[in-house]
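Colleague: Hi! Could you walk me through this one while I have it open?

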Amino acid sequence: MTFVRDMGEAYRSHITMVRGRALRILGVEAAAQDVAQETFMKLLEYRRKGISEDNTAAFLYRAATNLALNRLRDAKRRQELLEEQASHTSPSASDPTDRPALRRILGLVGREEAEIAIYYYVDGMEQEEIAELLQMERRTVGRRLERFCAKAQKLLGLSTENHSND
Amino acid sequence: MTELFARPKPSRDCLSAWQISRFALGDVAERERAVFQEHLGRCEHCAARVQEEVRQVDAAKYERIPGELLATHTPSSKTNLLWLWKPAGAMVAVGFAAVFLVALPQREDSGTRMKGDIGISLTVMRDGSTLFNDTPVEQIQSLRPGDQLRLRVHGPSDTWVVVQGWEKSTWVEYYVGAISTDRWLPIGVEVTSERETRLKVFLCTGVSDKYMAGRFTSEGKCQERELEL
């Protein structure tokens, strides 16, 4: 748990994490770079209100997640992102986890479920770790993840059997 | 039982992206670090991810900071002392200045006492005007409370700078970072009292992170300059 006071230092030490985090969610470098800048502006804005985050890395990680998710939830931007990915990448070669489908669904389900799903499926965090980062009960994380899966299965037209998140 | 979407790690024990980032930032507790290291010793997948992230974090130490971040005043509730260093003239890359308080004297003998031969120059702002601009520290005199200083440390490009200040009978670390191309430190100093100011500036070579820089200074492996202003 580290508070990094100097903005320049906060930027240089955390930009890799923030940019990588946005890229994993969005899949397009230019969009990830934009989100990274917005994330640091968010930190600046937060501090200008006279509030200090206890843990700079955790603050930035969550802020980047939310800002990237905003883009996926914006229908027009989501479509642009998906088209951009399709034009630059070969899903079968570079995206074996079928991220385009996941991204599409993240933009369609509720924000709370989508956020948890990002931590679980995009970051590979376990439910306990998500609960700790978001400072919530593990059971709440589990419930939201279940809701996400139910909605995703519906959207994908899949049976609800044979899938687990425990 | 299968996952609805594939997850980015081969096993449940593997590190998450968040854990990898924290590890690369050195932001993990001792006990957790031991667990991570034990896993990294036997998992090539995670070891490669950590190695790549550490490489990128190191490279980012020299990344240009976006102008938008540098063009805004930022008070902080932790200290309420953050200010933007904006020296006159365009020769200095503007950076956010974490202000640390130091006390400076207005001694009769004026002048600066020092040990060591690291080249240091200062820009001094007083009441919104530039009093000294990139002036060798030896020539700086008559500082007073409210003066804002910025240090430029002249050293090779592959060195790290450590700045310490003397507070309450002990040396306190104010700044550790790789030296920038323009040699200006991204921190400022505000003069707050009439008491004597003591600063130590270290230049360390062969250093790859903050931990190592701190260790090298304590082991006397860095070039050192002590200032009494």
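Colleague: Let's start in chain B: where is the place of B:Ser16?

Modeller: B:Ser16 is in the segment before α1 of chain B. Keep in mind that this is a predicted model.

Colleague: Is B:Ser16 buried or exposed?

Modeller: Buried, because its relative accessibility is 0%, and the cut-off for buried is under 20%.

Colleague: And what is B:Ser16 in contact with, leaving aside neighbours within four places in sequence?

Modeller: From chain A, B:Ser16 contacts A:Asp123, A:Gly124, A:Met125 and A:Glu129, and from chain B there is B:Arg49.

Colleague: Moving on to α1(B) itself, at what angle do α3(A) and α1(B) pack?

Modeller: The angle is about 145 degrees, and the axes are 11 Å apart. The crossing of α3(A) past α1(B) is right-handed.

Colleague: Which residues meet there?

Modeller: On the α3(A) side you'll find A:Ala57, A:Ala58 and A:Tyr61, and they meet B:Ala17, B:Trp18 and B:Leu25 of α1(B). By type, the residues of this contact are six nonpolar, no polar and no charged.

Colleague: Nice. What about the largest nonpolar core, how many residues has it?

Modeller: The largest core has 58 residues, and among those with the most contacts inside it are A:Leu106, A:Ile130, A:Phe148, B:Phe5 and B:Trp18. Helices that each supply at least two of its residues include α3, α7 and α9 of chain A, and also α1 of chain B. The largest share, eleven residues, comes from α3(A).

Colleague: You named A:Ile130. What is A:Ile130 in contact with, beyond its neighbours within four places in sequence?

Modeller: A:Ile130 has A:Ile116, A:Tyr119, A:Tyr120, A:Met125 and A:Val141 as contacts. There is also another core apart from the largest one, with 23 residues, B:Val137 and B:Leu143 among them.

Colleague: Last one, on confidence: what is the mean pLDDT of chain A?

Modeller: The mean is 82, and 82% of the residues of chain A reach 70 or more.

Technical notes:
Residues are numbered from 1 along each chain as its sequence is written. Chains are lettered from A and ligands numbered from 1 in the order in which they are written. This is a predicted model: local features need pLDDT of at least 70, side-chain atom pairs count only at pLDDT 80 or more; totals for chains, interfaces and linings use all residues. Side-chain values use heavy atoms; hydrogens and water are left out. pLDDT is the predictor's confidence in each residue, from 0 to 100. A nonpolar core is a set of buried Ala, Val, Leu, Ile, Met, Phe, Trp, Tyr and Cys residues joined through side-chain atoms within 4.5 Å. Buried means under 20% relative accessible area, exposed over 50%, partly exposed in between (1.4 Å probe, protein chains only). Helices (H or I, at least four residues) and strands (E, at least two) are DSSP runs, numbered from the N terminus. Contact means heavy atoms within 4.5 Å. Axes are lines fitted to C-alpha atoms, for helices over the stretch in contact, and angles run from 0 to 180 degrees between N-to-C directions. A crossing is left-handed if the near helix is turned anticlockwise from the far one by less than a right angle, and right-handed if clockwise. Ala, Val, Leu, Ile, Met, Phe, Trp, Tyr, Cys and Pro count as nonpolar, Asp, Glu, Lys and Arg as charged, and the others, Gly among them, as polar.
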